[in-house]
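Here is a protein model to explore, one piece at a time. Have the chain in view and follow along as we go through its strands and its charged pairs.

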Amino acid sequence: MTWRIEDNPARAVGIRTLSDTIDALRGRACTTERDFKASWLDRLSHCSDIVASGWYSPPPDGITVLTATPDDPARLAYSSLRSEEYWPSDRLIDWQNGLLLAYCSAIDKVSGLAGDIAITLYFGSESRIKDYFRRAHFVVGRLLDSISNKDTSLNIIDRADAAFADKGLRNCVTSITDKASYNVGHTIPQLNPELLGSTLSEEEREQCRTQRRFLNRVTDWPIASGGQFSIEPQIRSATDEDLPQLTFHYLVRAERSEIRVCRDVDSLLVQYGLAEA
């Protein structure tokens, strides 16, 4: 079934404002990670229907932007975005041949749903890098296509690991809030919209952190129990350590009668030749 904007309005705002921020800043000399973050947050803040400063904090405002180059991709190989070393910095974005990771975690004021979005992009032309992106995207896309409302969380992570290994890839998620540490996604937090203000309290952020169920190897729950969950592997090549870590963040809404998948990040990947149209 087709994903609808109303399934997660904050997510729709996130992808639109991210795209607008890239269009506004791309090619502008001396743009830093911190500059990009500020510009993106400003656009998010102009939408009155969301809490722009998101729940996943730190990093400050629930947003991070990281940049790297194919010759030095280490900055994208983060263990946790909560670590201060992975907060937006004064590193310059290379719009000609650089890589960019963008993440935000705004909350929709009407539904209370988190609208997390994350994506890695590459602005250069090296075929080796682009082929790697396309291979990783293909595997994740096939995984998304395979999801059934009869699945459990353990079914999905089993298939994910097998699919990555088959294509010479591996998922390297490390989560400090998941007791298993390793996972391929989690349920989407939802707060009581009647209690939401213009910013989140620390108690609300903690509620978001603790209410999630992870797609890991120590729990097993039926995905058709309702709600939304993410598929967000952090992908590395199993054969070439010089290739960058990639993140593609998708949402899945699983109900007893249907599955809907939010693939909005694909529009950006296609735009930069990193996925097949």
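Strand 6 and strand 8 run antiparallel to each other, paired over 3 bridges. (Strands pair when DSSP finds at least two bridges between them; helices, H or I of at least four residues, and strands, E of at least two, are DSSP runs numbered from the N terminus.) One place to look is Asn171, whose bridge partner in strand 8 is Ile235. In general, strands of a sheet pair through backbone hydrogen bonds, either parallel or antiparallel.

Now zoom out: the open sheet has 3 strands in the order 6-8-9, with antiparallel pairing. Strand 6 (169-171) and strand 9 are the edge strands, each pairing on one side only. Helix 3 lies across strand 6, strand 8 and strand 9, and runs at about 130° to strand 8. That angle is taken between N-to-C directions on a scale from 0 to 180 degrees, using axes fitted to C-alpha atoms, for helices over the stretch in contact, where contact means heavy atoms within 4.5 Å.

## Where the model comes from

This is a predicted model, so local features need pLDDT of at least 70 and side-chain atom pairs count only at pLDDT 80 or more, while totals for chains, interfaces and linings use all residues. Residues are numbered from 1 along each chain as its sequence is written, and side-chain values use heavy atoms, leaving out hydrogens and water.

## Charged pairs

Side chains of opposite charge can pair when their charged atoms come close. How many salt bridges does a search of the whole structure find? There are 19, counting a side-chain nitrogen of Lys or Arg within 4 Å of a carboxyl oxygen of Asp or Glu.

Take Arg75 and Glu33, whose closest N and O atoms are 2.8 Å apart. The two sit 42 residues apart, with Arg75 in the loop between strand 2 (63-68) and strand 3 (99-104) and Glu33 in helix 2 (residues 33-45). Are they buried or exposed? Arg75 counts as buried because its relative accessibility is 10%, and Glu33 is buried at 0%. (Buried means under 20% relative accessible area, exposed over 50%, partly exposed in between, with a 1.4 Å probe and protein chains only.)

## Back to helix 3

Asp240 and Arg128 form another salt bridge, at 3.3 Å between the closest N and O atoms. Arg128 belongs to helix 3 (residues 127-146), while Asp240 is in the loop between strand 8 (234-237) and strand 9 (246-247). Asp240 is partly exposed at 23%, and so is Arg128 at 38%.
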